[in-house]
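Please keep the display at hand while reading.

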Amino acid sequence: MSKWIISLIVIFIFSVEINNNLLIASANPTLTFSNVELDKLKLVADFKLITPSSSVQSYKLEIKAPYPFNPGQSVSEVRLHFFDESGNSYLFGIEEHKAVGYKINRVITTIDVRNQTSTTRTVVEDFKFSERGEKININGFEGRFEPWVNHVPGGYLRWVHNDTFIEIDSGELTKEEMIVLARSMK
């Protein structure tokens, strides 16, 4: 019986890994080398998209979400990835959406070990700004910084700029560099 369970676990892990790799391979977001696509994205976002100042233009920008990006369609959430000049090393990401009136999908999985079953359901709820973390002033707006658990540089820096929620994540930039970056955003 235990060999059968171990075999199922191995098959499950293997199939999840294959599916993840297929999803990564099928997602082919556009790497942009100018702000042309970003300017188009600003026009169709249903919130005011706030972006870093021109000092980060030497980085390569990937519009991760929405994917695919169709300039004629309204956009409710944006995810941007910034890479070094070679385009190989991920430096930081920025996620933005409306701070008020934005709905999120939260996936809840319940596992019953005794009966060896699990159920997954999705709950739609109003977005709420998390007040966890250290308070940081970002151009007069209250932000929150949470470091990574394993003490590497960076973490999460989030704040609400007027009606736009912004979250920067990085494992490469220090807390201080993330704050400078956040303060450069307009």
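Which residues does Arg-79 touch, not counting residues up to four places away in sequence? Arg-79 touches Glu-62, Ile-63, Lys-64, Ala-65, Tyr-90, Gly-93, Ile-94, Glu-95 and Asp-169, where contact means heavy atoms within 4.5 Å.

## Basis and confidence

This is a predicted model, in which local features need pLDDT of at least 70 and side-chain atom pairs count only at pLDDT 80 or more, while totals for chains, interfaces and linings use all residues. Residues are numbered from 1 along each chain as its sequence is written, and side-chain values use heavy atoms, with hydrogens and water left out.

The mean pLDDT of the protein, pLDDT being the predictor's confidence in each residue from 0 to 100, is 75, and 73% of the residues reach 70 or more. Over residues 6-34 the pLDDT is below 50, and this stretch has 17 contacts in the model beyond near neighbours in sequence. Where pLDDT is low, the predicted coordinates should not be read in detail.

## Arg-79 in its strand

Arg-79 has its place in strand E3; helices (H or I, at least four residues) and strands (E, at least two) are DSSP runs, numbered from the N terminus. With a relative accessible area of 14%, Arg-79 is buried, on a scale where buried means under 20%, exposed over 50% and partly exposed in between (1.4 Å probe, protein chains only).

The side chain of Arg-79 also makes a polar contact, at 2.6 Å, with the side chain of Asp-169. A polar contact is a pair of N or O atoms within 3.5 Å; within protein, one must be able to donate a hydrogen and the other to accept it, and residues adjacent in sequence count only if both atoms are side-chain atoms.

## Strand pairing

Strand E3 (residues 77-83) pairs with strand E4 (residues 90-98) in the antiparallel sense over seven bridges, pairing being assigned if DSSP finds at least two bridges between two strands. Phe-82 stands opposite Phe-92 in E4, and in the hairpin of E3 and E4, which has six residues between the strands, Gly-87 takes a positive phi near 85°.

E4 is also joined to strand E10 (residues 164-170), by six bridges and in the antiparallel sense, with Glu-96 opposite Ile-166 in E10.

## Aromatic pairs

The structure holds three aromatic pairs, a pair being rings of Phe, Tyr and Trp (its six-membered ring) whose centres lie within 6.5 Å, with planes under 30 degrees apart counted as stacked, over 60 as edge-to-face and the rest as tilted. One of them joins Phe-83 and Tyr-90, whose ring centres are 5.8 Å apart with planes at 75°, so this pair is edge-to-face. Phe-83 is buried at 12% relative accessible area, whereas Tyr-90 is partly exposed at 28%.

Trp-148 and Tyr-156 form a tilted pair, 4.9 Å centre to centre and 55° between the planes. Trp-148 is partly exposed, with a relative accessible area of 26%, and Tyr-156 is likewise partly exposed, at 31%.

## Positive phi in two loops

Gln-116, although not a glycine, has a positive phi of about 55°. Gln-116 is found in the loop between strand E5 (103-112) and strand E6 (117-126) and is exposed at 56% relative accessibility.

Asn-162 lies in the loop between strand E9 (155-161) and E10, and its phi is near 55°, a positive value in a residue other than glycine. The relative accessible area of Asn-162 is 54%, so this residue is exposed.

In soluble globular proteins, nonpolar side chains tend to be buried together. The largest nonpolar core here has 29 residues, those with the most contacts inside it being Leu-41, Leu-80, Phe-92, Leu-157, Trp-159 and Ile-168; such a core is a set of buried Ala, Val, Leu, Ile, Met, Phe, Trp, Tyr and Cys residues joined through side-chain atoms within 4.5 Å. Among the elements that each supply at least two residues of this core are helix H2 (36-44), strand E2 (60-65), E3, E4 and helix H3 (175-184), and the largest share, four residues, comes from H3.

Ser-170 lies in strand E10 and is buried at 0% relative accessibility. The side chain of Ser-170 reaches the backbone nitrogen of Glu-172 at 3.0 Å and that of Leu-173 at 2.8 Å. Beyond residues up to four places away in sequence, Ser-170 touches several residues, including Phe-92, Trp-148 and Met-178.
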